[in-house]
Structures are given as structure tokens and as C-alpha cells.
Amino acid sequence: MDTKLTLKLDREIIEKAKRFAKQKNTSLSMLIENYFQNLTAREDSSDQITPLVKSLSGIIEIPEGDVQKEYTDYLMKKYS
């Protein structure tokens, strides 16, 4: 359920935020909502994983076994 929120902010900051929102094809309300969502998600998370890291999770598959050996083998192939 959406609820109205009134904020008092510096006029220049509001104008900059509006321009930014327009460039991103979103609304100022959505920017604020996403900011609050990310802010509170960090508080809830003990790991504090950034959205970028979350988006990359699962891309690389590490084979079962000795990770150090696998990495050493990879570097040997890459640089030999």
C-alpha cells in the first residue's frame, strides 16, 4: 500500500534529483523508495552485500575440491 510522505529538502537537491530521475526514466518517488529499500536491506543483512555483488552471485562456478589448486592451475594455463 502506498503512503504519502512529505520531506523538506534543499531546492537544488530536489532539482538535481528530478533531473537524475528523468535521465533514468523513473520517478523521484521510485528513486526515494529504492534508496530506502537498499538502506534498510543493508541494516537487515549482517553481510552487507552490495546490489552489484548480488547481481554477480552465481555467475562463476568453482569445481568441487581444492580451490587453491584449481586457481593455481588456472593461472598456470593463463600465463604459460
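**Reading the pocket, patch and helices**

Guide: The lining of the largest pocket divides into 12 nonpolar, 3 polar and 3 charged residues. Here Ala, Val, Leu, Ile, Met, Phe, Trp, Tyr, Cys and Pro count as nonpolar, Asp, Glu, Lys and Arg as charged, and the others, Gly among them, as polar. This is a predicted model: local features need pLDDT of at least 70, side-chain atom pairs count only at pLDDT 80 or more, and totals for chains, interfaces and linings use all residues. Residues are numbered from 1 along each chain as its sequence is written, and side-chain values use heavy atoms, with hydrogens and water left out.

Visitor: What volume does the largest pocket have?

Guide: Start with the idea. Rolling a probe the size of a water molecule over the atoms shows where empty space is left. A pocket is an open set of points on a 1 Å grid over the protein atoms alone, where a 1.4 Å probe fits, with protein on both sides within 12 Å along at least five of seven lines; lining residues have an atom within 4 Å of a point. Points are joined across faces, edges and corners, and the volume is the space filled by probe spheres set on them. In this model the largest pocket comes to about 500 Å³.

Visitor: Which residues lie nearest the centre of the largest pocket?

Guide: Leu5, Leu7, Leu28, Ser29 and Ile32, out of 18 lining residues. Helices are DSSP runs (H or I, at least four residues) and strands are E runs of at least two, numbered from the N terminus. α1 (11-23) and α2 (28-44) each give the lining at least two residues. The largest share, 7 residues, is from α2.

Visitor: How many helices and strands does the chain have?

Guide: 4 helices and 0 strands. The pattern along the sequence is α-α-α-α.

Visitor: What share of the residues counts as buried?

Guide: Buried means under 20% relative accessible area, exposed over 50%, partly exposed in between (1.4 Å probe, protein chains only). Of the 80 residues, 1% are buried. Accessible areas come from the Shrake-Rupley method with a 1.4 Å probe; for residues, only the protein chains shown count as cover. The chain total is about 8200 Å², with 55% belonging to carbon and sulfur atoms.

Visitor: Which residues form a nonpolar patch on the surface?

Guide: Patch residues have over 30% relative accessible area and no salt bridge; nonpolar side chains (Val, Leu, Ile, Met, Phe, Trp, Tyr) are joined within 5 Å, like charges within 9 Å. Here the members are Leu5, Leu7, Leu9, Tyr35, Phe36 and Leu39, with about 590 Å² of accessible area together. Leu9 sits in the segment before α1. Its relative accessibility is 48%, so Leu9 is partly exposed.

Visitor: Which side chains meet in a salt bridge?

Guide: The criterion is a side-chain nitrogen of Lys or Arg within 4 Å of a carboxyl oxygen of Asp or Glu. The structure has 1. Lys69 pairs with Asp73 at 2.9 Å, N to O. They are 4 residues apart in α4 (67-79), so about one helical turn separates them. Lys69 is partly exposed at 48%, and Asp73 is partly exposed at 29%.

Visitor: Where is asparagine 25 found?

Guide: In the loop between α1 and α2. Asn25 is exposed, at 72% relative accessibility.
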